[in-house]
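Here are my notes on this one, written as numbered points. Keep the structure open while you read, and look up each piece as it comes along.

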Protein chains: 2
Amino acid sequence: MSRTGRRPGAPGTRDAILVATRRRFATRGYEATSLRSIASEAGVDPALLIHYFKTKQGLFLAAMEPPFPPLVLSGDLRSLSRREAAEMLVRRYLAAVDSDEGRNAILALVRSAVSNEQAATLLRESHANELARSVRELTGDGDGEMKAALVAAQLIGIAMLRHVVGVDRLARGDPEKIVATAAPMIEACFH
Amino acid sequence: MSRTGRRPGAPGTRDAILVATRRRFATRGYEATSLRSIASEAGVDPALLIHYFKTKQGLFLAAMEPPFPPLVLSGDLRSLSRREAAEMLVRRYLAAVDSDEGRNAILALVRSAVSNEQAATLLRESHANELARSVRELTGDGDGEMKAALVAAQLIGIAMLRHVVGVDRLARGDPEKIVATAAPMIEACFH
């Protein structure tokens, strides 16, 4: 029995650790975050983190894994008009990064990516490249790959200025206003 | 006479310090960079950094100050067609962030902004907001402010994926190919 009262295997313990992990990495980034501080925030014994995730990297990868399922972002867009598809894509992306979990995940990724190579790889592979892949069928042939990368750049740029840098117009902007203004830009990449 | 052979006031000493500063902050970010390591890279005595810039923050601010003069980015665009203006804006922005100095400056800003409040403010005020202001007269009335912020988000997103995250299509992309693909997106914001 751990001194904090949560036992291995207690329902929700693993999830509580992952939530605390995203929150700590979002605040301080990978390098500056200790396993002890995560355990303390989750209210568990530090040994439990090792029990579940083996290493700090293992914990980081597990915490970053699910929050942006790109297929959900681009699913069912093909039946829509180009404008409607662009609006829906921006709307879903904003909903993902505006949720507590999504916001912590993107903050954690960006904060960690600048000091940790594995986090940078994760930001590139699981987020930026996945985003690009998820819109690939909407961007057509020819320049489709470049267009998809630029759509990803637009969405990630919005998330950066909204949640990391805090540019007023985007940080406090009504999501539907952002959707309406960004959709024509993204639509320009759809065939 | 400093032991490294550069004297205060020697021509180019101050510039050499600023170049070394941008390079060190670009590699390690603000918090992890010591004045000693900057002095060593610049080949000067650490006391010279204090002589010129007083504090680490003073040095950081001086090093970040000039590299993206936004007026240069948006100057003389009004006489062009919307498409040409958008192309020229992207072309100039890429030229700025692709130069050694510009690339180090944007890396230093992003790397430092995640761990240092003053760097985050600088990234917001001198870069993102300046970018938005610089295209403000091209984005028209009504939603102009939001459009300008989204143009800034697009450009900064490109710089992030090209130089910080390293998304292949953008990191290795020919600048003119990026210009041609991004211009219609940005043009959608011009009145």
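1. Start with helix H7 of chain A and what sits over it. The buried residues of H7(A) are covered by a set of elements that includes H1, H4, helix H6 (82-98), H8 and H9 of chain A. Helices here are DSSP runs of H or I with at least four residues, strands are runs of E with at least two, and both are numbered from the N terminus. "Buried" means that 20 or more other C-beta atoms lie within 10 Å of the residue's own; with 12 or fewer the residue is exposed, in between it is partly exposed, and the C-beta atoms are placed from the backbone. On that count H7(A) is mostly covered, with ten of its 14 residues buried. Among them are A:Asn104, A:Ile106, A:Leu109 and A:Arg111.

2. A word on what you are looking at. This is a predicted model, where local features need pLDDT of at least 70 and side-chain atom pairs count only at pLDDT 80 or more, while totals for chains, interfaces and linings use all residues. Residues are numbered from 1 along each chain as its sequence is written, and chains are lettered from A and ligands numbered from 1 in the order in which they are written.

3. Is H7(A) close to its expected length, or far from it? Its 14 residues reach 20 Å from the first C-alpha to the last, close to the 20 Å expected at 1.5 Å a residue. The expected span is 1.5 Å times one less than the number of residues.

4. Now chain A as a whole. It has eleven helices and zero strands. The C-alpha trace spans about 60 × 35 × 30 Å along its principal axes. Of the 191 residues in chain A, 51% are buried. Take the contacts between residues at least 6 apart in sequence: 65% of these join residues at least 24 apart. Two residues are in contact if their C-beta atoms, placed from the backbone, lie within 7 Å.

5. Chain A is split into domain 1 (13-64) and domain 2 (70-187), with the bounds coming from an automatic or database domain assignment. Their centres, taken over C-alpha atoms, are 26 Å apart. Where they touch, ten residues of domain 1 of chain A are in contact with 14 residues of domain 2 of chain A. On the domain 1 side, helix H1 (13-32) and helix H4 (56-64) of chain A each supply at least two residues, and H1(A) gives the most, with seven. That side divides into five nonpolar, two polar and three charged residues. Here Ala, Val, Leu, Ile, Met, Phe, Trp, Tyr, Cys and Pro count as nonpolar, Asp, Glu, Lys and Arg as charged, and the others, Gly among them, as polar.

6. A:Thr27 and A:Asn104 are 77 residues apart in sequence, yet 8.2 Å apart in space, C-alpha to C-alpha.

7. How do the two chains meet? In chain A, 38 residues are in contact with 38 residues of chain B. H9(A) gives the largest share of the chain A side, 13 residues. By class, that side has 23 nonpolar, eight polar and seven charged residues. The copies meet through the same surface, because 100% of the interface residues of chain A are also interface residues in chain B.

8. Chain A superposes on chain B by a rotation of 180° with 0.0 Å of shift along the axis (RMSD 0.0 Å). That is the relation of a two-fold axis.

9. Look next at the largest nonpolar core, which has 138 residues. Such a core is a set of buried Ala, Val, Leu, Ile, Met, Phe, Trp, Tyr and Cys residues joined through C-beta atoms within 7 Å. The residues with the most contacts inside it are A:Ala152, A:Leu161, B:Ala152 and B:Leu161. Leaving aside neighbours within four places in sequence, B:Ala152 is in contact with A:Leu161, B:Ala128, B:Leu131 and B:Ala132.

10. A:Lys54 has a positive phi of about 70° although it is not a glycine. A:Lys54 is in the loop between helix H3 (46-53) and H4 of chain A, and it counts as exposed, with 11 C-beta neighbours inside 10 Å. B:Lys54 also has a positive phi of about 70°.

Note on methods: Least-squares fit on C-alpha atoms with pLDDT ≥ 70 in both.
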